[in-house]
Amino acid sequence: MRKKGWAGRKTAFLFLLLFIFPPLLFPAAAQNKKAVELYKKAVEALSQRQMPLSLELFHQAVERDTGYTEAYLKLGQVYEFMRQPDQAFQVYQRAIRQQPDKPATGLAYQFVSSHLLKKGNYLVAIPYIERYQKLFTPQSLQWKKIDRMLQTARFGEQAVQNPLPVKLQPLSPTVQAFPSQYFPVLTADEQTLVYTVLKPEGDEDLMVSTLKGETWSPPESISSRINSANNEGTPSLSADGRTLVFTACQGRTGYGSCDLYISRKTGDTWSEPQNIGPVINTRSWESQPALSADGRRLYFVSDRNGGVGRRDIWCSELGDDGEWKTPYNLKTINTPFDEASPFIHANGLSLFFASEGHMGMGGYDLFVADSTATGWSNPQNLGYPINTSDDQAALFVSANGAHAYYSQEQAASDGKQRSRLYVFDLPEALRHKVRPVSYLKGMVADARTKKPLNATIELIDLATHKLVTRVQSDPQTGQYTAILPTGGEYALYVLGPGYLFKSLSFDFTQKREGEGLTMSVPLEPIKPTDGSAPAKETLNNLFFETSRYDLAEKSRTELDRLVKFLEVNPSVQIEVSGHTDNQGGAANNLELSKKRAQSVVNYLAKAGIAPTRIRSAGYGETRPVAPNTTEENRKLNRRIEWKIL
């Protein structure tokens, strides 16, 4: 199935077995001469690639001499080559029972052990692997390879004995409309689903479905500009669903065997996909992109030189000039084996990925690692039954950390593997390790004309004054989605040329669970064209101690934003006004409001804004915006405003 091609692993159970066998690979130790004669004829048939005949002759040989171990071993090889693993398993077991301690039986141990691990029968596999290991010198290369199998079996058995409370729920049959569907990704609000499908004719395309109430809409091609007669797959979306990065391996102008492409959505239209460029794409294999929520960091898988293993996870960041920087290797994540399908959670900290190299249950398992001040934490296996003895890949975890989406393969009635999409509640043992985030979505529009605006939305951490995320609203619809991390205080600024910036405040210091918010953001024009009153805004991220006018350090983010606005608009003059609630006496409140406003003006002047452009005023409790009947209303009345003069 092509799904595993995207994941860097073939699904076909291939065995590298020569067509031409030496006449007697193992000594003919049979007691029956007729059995030996049949054995030799069977080997000769193999050399002529006459598989059915050789199979029949080997069977006749073991019927003549049931203790003919060498014939059983050769018979097992033929079954392997003919892709009949269950039959190979049976005859190899027979060979092991007959000669459990002979080095020649090693190939039987190898197959039986691997077969049991693949089936997830860890408890039965362990004694076979232990006996297999005894055939080799301790600490030799082969001994170490077998020791890894033994560790896998023990890890798998322990995981099965301690399952996580996970209940897989298949997504709507409406979505599961193709022979196979896989690599699901969603927007931050979980309302839009994009995934790869395998069509009956063998073509892979990207499909999109939207959630209508509690029902997913019938899937549609994401865009005729994106899907083609060739294969497109492994999508990755920004949180707002308006930036898409995907993989294409042929049919487009590229640099290597598989390249990454990017497309952006304006209104309802996706742009013509562009190769993401030679900094990311090379002559090597690049695939499986994972875009950060704000679209400014890109993880992907590549087999380029300089990695830890053959296929590694790499990361690149988008510069302020709009160009991707040179990718760097996640050396503490990658192993000498293959890694695949990275997914960076909307919190920007939790990296989910698949790996063959970290200890798991066999094949590809899913892991999570967290970005810390000192680097990536040790990857943690997600456990059973999220991981099984089968390959797992392409997990997506919702922004609030509550749900996870992924695909799982199942055998269909025709014997072929089919992949379906599932969702499950992330168990508490994992949920507490994933820092949830909220999202803010809505529309930015002109406050007077209601016209949608192309605006920049920036989120700043008030403790560090650092930019957390920056996104753009849709220039046609004004729609936006911004991720709001929990566990801190943040300022969110909405900026549009020719408009006053909107200042919003979010305090998540006491909240952990991610909660989605919807908010329309009206921007006031600097120069209203309708002759109405001058525009004004509230500075929502200024902080004072009770009854004091000294600006707290975390107010600097807001003040610097106002400084920048005045620098960009050098002809603008403003009034900064202070307001209070009705607690503490009118005279004291009036004086306090004046001093607080003057503190802001002093900061602006010290930052280089000409004093002739700014003035302060205090109105005390005389201009409330809400009745002073509740603490929440009184908080609204305690404010600093600025307006255009």
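# Values against definitions

Reader: How do you know that the span of helix α7 agrees with its 12 residues?

Author: The expected span of a helix is 1.5 Å times one less than its number of residues. For the 12 residues of α7 (residues 122-133) that gives 16 Å, and the end C-alpha atoms are 16 Å apart, so the two agree. Helices (H or I, at least four residues) and strands (E, at least two) are DSSP runs, numbered from the N terminus. This is a predicted model: local features need pLDDT of at least 70, side-chain atom pairs count only at pLDDT 80 or more, and totals for chains, interfaces and linings use all residues. Residues are numbered from 1 along each chain as its sequence is written, and side-chain values use heavy atoms, without hydrogens and water.

Reader: How many residues has α8, and what does it reach?

Author: α8 has 21 residues and reaches 31 Å from first C-alpha to last, close to the expected 30 Å.

Reader: Which residues of α7 are buried, and what covers them?

Author: Buried means under 20% relative accessible area, exposed over 50%, partly exposed in between (1.4 Å probe, protein chains only). In α7, Y122, A125, I126, Y128, I129, Y132 and Q133 are buried. Their cover includes α5 (85-98), α6 (106-119) and α8 (141-161). For α8, the cover of the buried residues includes α6 and α7; W143 and M149 are among those buried.

Reader: Why is D101 called exposed?

Author: Its relative accessible area is 63%, so D101 passes the limit for exposed. D101 is in the loop between α5 and α6.

Reader: What makes E190 and A394 buried?

Author: E190 has 13% relative accessibility, so it counts as buried. A394, at 7%, counts as buried too. E190 lies in the loop between β2 and β3, and A394 in the loop between β20 and β21.

Reader: What makes the largest nonpolar core a core?

Author: A nonpolar core is a set of buried Ala, Val, Leu, Ile, Met, Phe, Trp, Tyr and Cys residues joined through side-chain atoms within 4.5 Å. The largest has 50 residues, and L193, L244, F352, L382, I386, L395 and F424 have the most contacts inside it. Strand β3 (residues 192-198) gives the largest share, five residues. A second, separate core of 45 residues includes L57, Y68, V91 and M149.

Reader: Which residues does L395 touch?

Author: Contact means heavy atoms within 4.5 Å. Leaving out residues up to four places away in sequence, L395 touches F343, F352, L366, L382, A404, Y405, Y406 and F424.

Reader: Why is the largest cavity called a cavity?

Author: On a 1 Å grid over the protein atoms alone, a cavity is a set of points where a 1.4 Å probe fits but cannot get out; lining residues have an atom within 4 Å of a point. The structure holds one cavity of 30 Å³ or more. The largest cavity has a volume of about 300 Å³. Of its 30 lining residues, V185, S236, L237, F343 and F396 are closest to its centre.

How values were computed:
On a 1 Å grid over the protein atoms alone, a cavity is a set of points where a 1.4 Å probe fits but cannot get out, and a pocket is an open set with protein on both sides within 12 Å along at least five of seven lines; lining residues have an atom within 4 Å of a point. Grid points are joined across faces, edges and corners, and a volume is the space filled by probe spheres set on the points.
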